[in-house]
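Dear colleague,

Here is the structure that I promised to hand over, and below it I have written down what was found. Please keep the structure open while you read.

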Amino acid sequence: MSELSTVPAGLQPPLPRDQLVLRGELEDERIDVDVLFVGGGPAGLAGGIQLARLVKQGKERGEEPGEITIGVLEKAGSLGEHSLSGAVVNPRPFRQLFPELQETDFPFRTPVHREAIYLLSQSRARRIPTPPTMRNEGNYVASICEIVRWLGEKAEEIGVDVFAGFPAGALRVEGSRVVGVRTVASGLDREGNPGSNYMPATDIAARVTALAEGSRGLLAQAYLEWQDIESANPQIYALGVKELWETKQPLDRVIHTMGWPLPRDAFGGSFMYPLEPNLAALGLVVGLDYRDRDLDIHQLLQQLKLHPLFKPYLEDGELVEWGAKTIPEGGFHAFPQRRHGDGVVILGDSAGFVDVPSLKGIHYAMQSGMYAARAIYKALQRDDTSQESLAEYDRLVDESYIARDLYRTRNMRPAFKRGFYSGALKAALMTLTGGRFPGRRIAMDSDAEAPRYATGSSPFMPDGKLTFSKVDAVFKSGNVTRDTIPSHLLVGDTVPAELATFYSHMCPAAVYEEVDGELKVNPPNCVDCKATDVLGPRWTPREGGSGAAYKRM
Amino acid sequence: MAGVLVVLEQRSGTLKSVSHEVLGAARTLADELGVEVHALAIGPAGLKVDGLGEYGADKVLCCRSDELELYQASRYAGLASGLADANGYQIVMLATTALGKDLGPRIAAKLGAPIAGDLTHISGNDGLVVMRPVFAGKATSTLKITSTPCVLSVRPNAFATGCVARDGIVEDVSPGDSGAGAQAVTIAVKEPEKAVLDVAEASIVVSGGRGLKEAEHFQLVEELASALGGAVGASRAVVDAGWRPHSEQVGQTGKTVSPNLYIAIGISGAIQHLAGMRTSKVIVAINRDQDAPIFKVADYGIVGDLFAVVPRLTEEIKKVRGG
Amino acid sequence: MKIAVCVKRVPDTETRIKVGADGRSIDEGGVKFVLNPFDEFAVEEALKLKEQSGEGEVVIISMGGDSGQETIRTALAMGADRGVLLKTDAKPVDPLVTARVLASEVEQGGYDLVLFGKQAVDDESHAVGPMVGELLGLASVSAITRLELAGGKGTAEREVEGATEVVEFSLPAVLTAEKGLNEPRYPALRGIMLAKKKPLEVKDVELDEEGMVVVELALPQSRKEGRIVGEGPDAVPILIDALKNEAKVI
């Protein structure tokens, strides 16, 4: 390793808060709803469904507030197209939200009966015992795209208005109160001028705005920063790159791996899950506090596929989809001190409800949406959507299994900040003591503050059969973003060659390239994974329907 | 026995070569079915219909009137369906051209007949079975036609011309009532002003990529395209770099092209580019890197320095075209 | 001005086509369905004409299964007034069968104009529009890229190989829209909200027997292996020879 290091934080532009938190009168042409969920993922949709059910049941009993309108805004062209997860899903909130349905009615693929964890070296895979936190008996392999589409149908059936293709670009505020959002205009040309099918941004006024934007939610970040809401540790993230393969050789179990091809100072691992006898999901997840400037997660996933553990399944198969997404990994100590305020609540991944040791977030996201629905329902009954009134939401979460589970594993991910082996030892002790070891919070820096050391990248030639270049991968994400829209990425004024190289490896979608020491940006390639927002140029939403179009990720 | 009626196409009194292809397809089918091929030519008074026997027509029905010089949809449809009705043709065939796409369905509707268009394969050996591309060429549908009469429209460039010559006796057909009072009349055909040939429409496309190194070198691509009478295309990389306008971009987020000849110069061949041009009939790749993915879809490739290869190619093309 | 727009629900053009278990249709698993892109031009043109004349009604008509309602709602969200779903679970491949059902619906409506997309991007038939025109005995022009209406008459342009035909016609008429006719609008948020409350009538329809059946749906064979004809400028004559005599493209 070279002595020279780069710290990404230094050159990261600040959050453009002036654009994200807007005061002033809402436009006359605004749309009014009672409750708006920003983000049509598991959190927003489960919240919408739960709220609509509470209202319906209340109305049958003759309770206030009677009729209310519930909207869900989604930036993807249609529901699920920006949703990506592993995923092995805990069905708990499904049972609670749909007590009238059978387990077989839920949008899952296969129950987990067999699972195995391996420690990989370059040429070998050693099976190791499955830690209790990672056991998945009773859980299901599923595609989050399918879950989200299914939830969307349920939401519309019960009268929730789902608006896909409309990203929220800014919070509308009055005093300290969130009064709605403003969508993003579409039909702009590269210079930002309206084109022939220009559609201006629209204000949506809501009595309660629920921010369920997913990982690294932009408006959630803006709200927390604007209201000076801190957390014990900064939120940290991992980036997952995932592929969906049609395989000739059926996969009969859930696989997780640790070790190769990651360097010892990086935290992460891979997974392979069977969805159908001949359809498998495969991915690699790496904490974004990795130290190697030239570490490239997409490329590592390509190399992983050539490992003898995976290659036999993939050979003669076909890559059908590719995608990437960040995961909030900070856990309990990265929870914002409050996840509610005047007219606003923050749900799911945007609030950091992900348990890293069990690799799960979907059921926490849904559950948080359902708790928010309960709190909002009561607030509407009282006709009081103030911070005090919505504090009920935080109470419900804090008393629930969301907080309990994440408290138990609060120091596990931080333990790995000094590398894999010491981390694994500490994690084992934590498991044995039920989270009581080491007692104190392990302090963390944000990912962008971790220094990066150049190691030099090894050239990698994809073969187009098992391994693919980033440009080809982006094609497989279904990304058909118009090439002529304005850039949505806020890049620092001067980007030294060092950092351009770092960005080019960090971004899995070839948005950044280093050409002759200069940074070249290809915004349309972006699949909204948000890694750039964590470590580099800031991400802002583009016109609706841009980005990936995942089908079964 | 009157079996197949082929509706021919003309422009300014001269039959189009695509009509010879339809005759070729009709002849093969008619031989399988053991029936005759009759051709229907509709056009101006000076319409030339000699020698159609050589393309397989047993008889040529010729309907000449200056009112019929331009394509008059309802009159053309009335004439063709009237003859099909009167003479009991089992099959009416035409080409899937702008005219055929409009006329075929009208004839089918008048005859109460099924229609299958854009056919790439026809067989009469075991019932009437046809093949046609569907889903933008991503799949091929094989259909069995179960009722007659029927209308078949064949894809240009998919069937060969030429066969054993037939008599091709010409018989005049009355143009019928004049077009006065028709609900729709074609009043003019505008020839395009000398405009830039659109990459999506051109039958030959020459595209350049990052291998050209700088915008000025695109002149090499332009010169080759002009020698071939083709259009200029560009990869996304060079469009993003601002070397070329977006209207020239070939690929998934640009235009999808399927010319007869596609020449890729200095284009490595990312999947998203291939998605926009892989249905081209013949693909030529010129690239320095012999491992470039473009060679996997190319029919012909030259590995080498494009700055040496392309000028030579342009020169040779000029010789071929000039001579 | 009363305008009918006939639309179809089709797989998104980016869809990867997979043949279903019956070997005759596509596997619809994971397929996203959309309003046929050419029909979007027809809807847009209808909305523009209504806006220009300041009065009238745009009615969206679709034939197909229940899911067709979603497609109709997309057009209603763009601004159309109401919808009619001619409901059938059959998916006819014979365009005449579809044309007859649509013609009979349109005939009852007293429309000044009936618009179609020039073709659906699934079966690529480009037949139903002109067929409806003939069945109803109305003027029709297909694949238009330009339209002007005035005083019960219209002028349309259609692209033909290397030229443009100019057609004059009388109303009522059937027109099919080609890319280039206009730039379809995106549905606005307000439009989507309003669309949910617009009337959408569902009528069961009976189909005639088809004159053709699908025997097989297959993916095209992959291209035959190409070849490197040589290296450097010396390979040019070999390439010219191959293009001229083998591929016959120059």
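In chain A of this predicted model, strand β16 (residues 237–246) and strand β19 (residues 279–287) run antiparallel and are joined by nine bridges; helices (H or I, at least four residues) and strands (E, at least two) are DSSP runs, numbered from the N terminus. One of the partners in this pairing is Leu279(A) in β19(A), which is bridged to Glu246(A). Strands of a sheet pair through backbone hydrogen bonds, either parallel or antiparallel.

Both strands belong to an open sheet of seven strands in chain A with mixed pairing, in the order β8-β7-β17-β18-β19-β16-β20, where two strands are said to pair if DSSP finds at least two bridges between them. At the edges lie β8 (125–128) and β20 (318–328) of chain A, each of which pairs on one side only. On average, neighbouring strands of this sheet are turned by 20° against each other, direction ignored. Helix α6 (residues 297–304) of chain A packs on the sheet, where it touches β16, β18 (268–276) and β19 of chain A, and its direction makes about 135° with that of β19(A). Axes here are lines fitted to C-alpha atoms, for helices over the stretch in contact, and angles run from 0 to 180 degrees between N-to-C directions; touching, or being in contact, means that the C-beta atoms of two residues, placed from the backbone, lie within 7 Å.

As for the source, this is a predicted model in which local features need pLDDT of at least 70 and side-chain atom pairs count only at pLDDT 80 or more, while totals for chains, interfaces and linings use all residues. Residues are numbered from 1 along each chain as its sequence is written, and chains are lettered from A and ligands numbered from 1 in the order in which they are written.

Two helix pairs may also interest you. In chain A, the axes of α9 (residues 362–382) and α10 (residues 387–398) come within 8 Å and cross at roughly 150°, which makes α9(A) roughly antiparallel to α10(A). By class, their contact has eight nonpolar, two polar and four charged residues; Ala, Val, Leu, Ile, Met, Phe, Trp, Tyr, Cys and Pro count as nonpolar, Asp, Glu, Lys and Arg as charged, and the others, Gly among them, as polar.

In chain C, helix α3 (residues 95–109) and helix α4 (residues 128–136) pack with their axes 9 Å apart, at an angle of about 55°, and are therefore oblique to each other. Angles under 35 degrees count as roughly parallel, over 145 as roughly antiparallel, 65 to 115 as roughly perpendicular and the rest as oblique. Among the residues of α3(C) in this contact are Leu102(C) and Val106(C), and α4(C) brings residues including Met131(C) and Leu135(C).

Leaving out residues up to four places away in sequence, Val208(A) touches residues including Val35(A), Ile376(A) and Ala379(A).

Finally, eleven residues of chain B are in contact with eleven residues of chain A, and α5 (236–240) and α6 (271–277) of chain B each supply at least two residues of that side of chain B.
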